Every structure is written in C-alpha cells, then in structure tokens.
Amino acid sequence: MIKKLFYFFKQNYNYKKIFKSKYIIIGEANSENILKYIPSKSSQVINFQTINIYLIIKLLILGKKITKLNYYRLSIELANPKIVVTMQDNDTDFYRLKKFFSNIKFISIQNGYRTEPKKTFLVKKGEKLKCDIIFCFGKQNINYYKSFINANVIPLGSVKNNMLSKNIYGKYKSVSYISEYRVNNENTKINFFNLGNIFWGDYIFYEKKLLRILGNYCKKNNIIPNIIGRFTDKNKNKEKLYFKKLLKSNFNYIEKKNQFSSYNALKRSNLIVSMSSSLGYEFLSRPNKIIFFSRPIRNLSFASKYYLFGWPSILQKRGFFFSNLINEKELSRLIKNLMNCPQKKWIKIKKPIENQIIAFNFNNRKLKKALKI
C-alpha cells in the first residue's frame with residue numbers, strides 16, 4: 001500500500017517528525033507568503049504531495065485509512081496549533097477539519113480567481129463544511145463561499161498583489177499579454193470542472209485566435225508586444241516557442257524570474273491584455289489600463305459562462321474594457337477606448353466593477369491581524 005502511495009506521488013517524501021507548534025500551514029503552494037506574517041520557528045508546513053513517512057506510520061499503527069483528511073487531521077492532533085491556515089482554498093478536505101478541532105482557528109485564503117461551479121468542491125449530501133475565516137478576492141465571492149461553507153468571508157484581494165504598492169514605475173511603449181500557457185498536448189483530454197470531458201485544444205482554441213489577432217494588430221501598428229511568461233524553469237523555452245509559432249512576428253518574452261517579477265513587469269506596462277488569468281484580475285485593482293476577453297470553450301459551450309469576464313457578478317458581455325467577442329474590430333475598439341481615456345476617467349469607469357471583483361489591502365493588514373495569537 002505504501003509503495004503504491006509513493007509511486008503515485010513520484011516518490012516525494014520526508015521523515016520529519018511533527019512537533020508542537022503555534023501554526024500549521026496546510027499545503028506547500030504559496031506557503032512562503034504566509035510565513036512572511038508568522039514566526040517560522042513556531043510554524044510547520046504539512047503537505048500531502050510530499051508524503052511524511054512519520055505520519056504514514058502513525059496512521060498505520062492507529063489502524064486509520066491513509067487519506068488526505070486523516071493525514072491532515074493527525075498532523076493537527078500532534079502539533080496542537082492555535083491556528084491552521086491554507087492557501088489551497090479549493091481543497092474541500094480543509095473545510096472538513098474544523099469539526100474535529102473547535103478550539104483551533106482555521107483560516108483559508110483564496111489563491112486564484114474562481115470560476116468553477118460549486119459542484120467541483122464535491123460536497124457530500126447533508127455535509128456541513130466549516131471554517132473560521134475565508135479571505136476572498138472580492139465582494140462577489142462572499143455569497144459563493146457562504147452558500148456551502150459556514151464561515152466569516154472577508155474580501156482581502158490577492159495576498160501577493162497586496163505586497164506591492166500601486167505605484168506605476170514607468171511604461172513600456174507596447175502591449176503586454178499575460179501568458180496562460182500550460183505544458184499540455186492539445187489532444188490531451190481534461191475533465192472540465194466535472195461538467196464534461198474536452199480536449200486541451202478546445203480549451204485554448206479561442207485564446208490562440210486572440211493571440212493571432214493581437215499579433216496582427218501589433219504588427220500593423222508597429223508595436224512589439226510583451227509576453228509576460230509563466231515559467232521560471234526549463235518550460236520557459238517551450239513557452240517562448242509556443243508564442244513564436246502563434247505570433248509569427250517580433251515580441252519581447254519577459255521571463256518569470258521570481259514570484260514578483262511578473263507583477264513588476266506589468267506595473268511598467270502601458271496596456272495589459274488578459275483572458276482568464278488570475279493575475280489579470282489582480283491588476284484590475286491597480287491603476288494600470290487593462291483589457292479583458294472572455295474565454296469561450298469549444299465543444300462545451302454551456303460551460304463557457306464560467307469564463308465570462310467577471311462571472312458571476314458582471315452580467316454585461318461587453319463593456320468599455322472587456323468583451324466576449326474575439327475579433328480584430330473588437331480588439332481595436334477596446335484598445336482605442338483605453339488609449340484615449342485619461343487616467344482619472346479610467347479609474348472612475350472601472351471602479352464599480354473592481355469593487356465587486358477584487359479588493360486591495362496593502363501589506364495584507366487584515367490577514368496579519370487574523371494571524372495574531
């Protein structure tokens with residue numbers, strides 16, 4: 001059984017003993033951002049993707065099934081923390097833990113723009129999920145989480161975005177596109193939010209169309225676009241080649257060097273174009289001018305609503321800086337709108353939508369307060 005488990009997780013494991021600590025962070029992803037606000041000596045990260053042999057042996061001795069829920073539950077029992085926190089806000093098991101530990105504070109932090117329907121959380125019939133505090137991106141997420149989790153839901157914005165000031169350092173004289181590239185074969189089948197199977201090629205079909213149109217627009221207008229890369233490892237070369245084949249013209253590939261390099265590159269951008277990127281939604285809280293296109297899903301049209309700009313709170317399909325139509329005329333309209341718009345007017349136009357979608361809490365003051373013991 002253990003060998004199978006190791007194989008499933010590609011033999012990532014450690015032997016660290018769980019120690020008494022004031023804080024436990026569930027999930028390694030983005031844990032470094034939480035550790036900025038709590039004492040590292042009083043904290044430990046528990047991750048089910050890197051198996052802890054100590055916990056596995058304990059579970060076997062206790063006759064417990066080796067499940068993610070039991071794994072996390074045992075780690076909390078052994079550490080006896082004051083606060084358990086995660087940035088894996090879409091992990092249903094995290095919200096099952098509170099019922100076992102009424103005296104421990106559980107905090108969940110939204111880590112990406114959520115478009116998925118509630119059914120992807122796989123809540124069992126009659127099951128009651130709980131959490132003390134959920135820090136969400138914006139007002140529109142409050143009812144979403146509260147509809148199936150008993151929690152105090154507080155708009156915070158993005159933790160990483162909140163770490164940087166709103167200052168614009170300067171401007172690239174070109175358009176910046178936020179890459180959503182993934183290392184997937186277009187013939188690979190994916191289960192789309194448990195709504196149906198599609199090929200990866202269906203998911204990116206309209207994004208590729210947008211990129212070709214954007215490339216043609218920039219070429220005609222003597223603009224060299226910036227591609228804000230996603231990767232810091234060997235995949236950056238695959239990403240760069242992907243855009244080279246699509247754009248078939250000059251572009252600046254801005255490599256991701258660390259978790260803040262993309263933010264700093266975009267802060268210098270004159271105009272940003274985004275499709276369904278969480279980073280794009282984060283920049284709606286900033287003064288930079290940004291254009292959004294909805295993402296239709298080929299061969300699964302009923303599911304496309306989950307990728308409409310600002311879903312579910314924004315009902316318009318087209319507006320001053322966003323559209324569900326992907327063609328050259330619409331791109332030109334949006335670019336013209338923003339290029340000719342004075343900064344103060346731009347802030348005023350986007351503000352009502354921004355207030356629904358994304359908050360901004362500089363230096364994460366609300367989070368720091370909640371993490372105090």
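**View 1. Tyrosine 263 lies in helix 9, which covers residues 261-267.** Helices here (H or I, at least four residues) and strands (E, at least two) are DSSP runs that are numbered from the N terminus. This is a predicted model, in which local features need pLDDT of at least 70 and side-chain atom pairs count only at pLDDT 80 or more, while totals for chains, interfaces and linings use all residues. Residues are numbered from 1 along each chain as its sequence is written, and side-chain values use heavy atoms, with hydrogens and water left out. With a relative accessibility of 4%, tyrosine 263 counts as buried, a word that means under 20% relative accessible area, whereas exposed means over 50% and partly exposed lies in between (1.4 Å probe, protein chains only). When its neighbours within four places in sequence are left aside, tyrosine 263 is in contact with Ser158, Lys160, Asn161, Leu164, Leu279, Glu282 and Phe283, where contact means heavy atoms within 4.5 Å. Leucine 164 is 99 residues away from tyrosine 263 in sequence, yet their C-alpha atoms are 8.3 Å apart in space.

**View 2. Helix 3 (residues 53-62) packs against helix 4 (residues 68-79) at an angle of about 100°.** The two axes are 10 Å apart; such axes are lines fitted to C-alpha atoms, for helices over the stretch in contact, and angles run from 0 to 180 degrees between N-to-C directions. Helix 3 is therefore roughly perpendicular to helix 4, since angles of 65 to 115 degrees are given that name, those under 35 count as roughly parallel, those over 145 as roughly antiparallel and the rest as oblique. From helix 3, Tyr54, Leu55, Ile56, Lys58, Leu59 and Leu62 meet Asn70, Tyr71, Leu74, Ser75 and Leu78 of helix 4. By class, the residues of this contact are eight nonpolar, two polar and one charged, with Ala, Val, Leu, Ile, Met, Phe, Trp, Tyr, Cys and Pro counted as nonpolar, Asp, Glu, Lys and Arg as charged, and the others, Gly among them, as polar.

**View 3. Helix 7 (residues 200-220) and helix 11 (residues 328-339) cross at roughly 60°.** Their axes come within 10 Å, and the two helices are therefore oblique to each other. In this pair, Ile213, Leu214, Tyr217 and Lys220 of helix 7 meet Glu328, Leu331, Ser332 and Ile335 of helix 11. The contact of helix 7 with helix 11 has five nonpolar, one polar and two charged residues.
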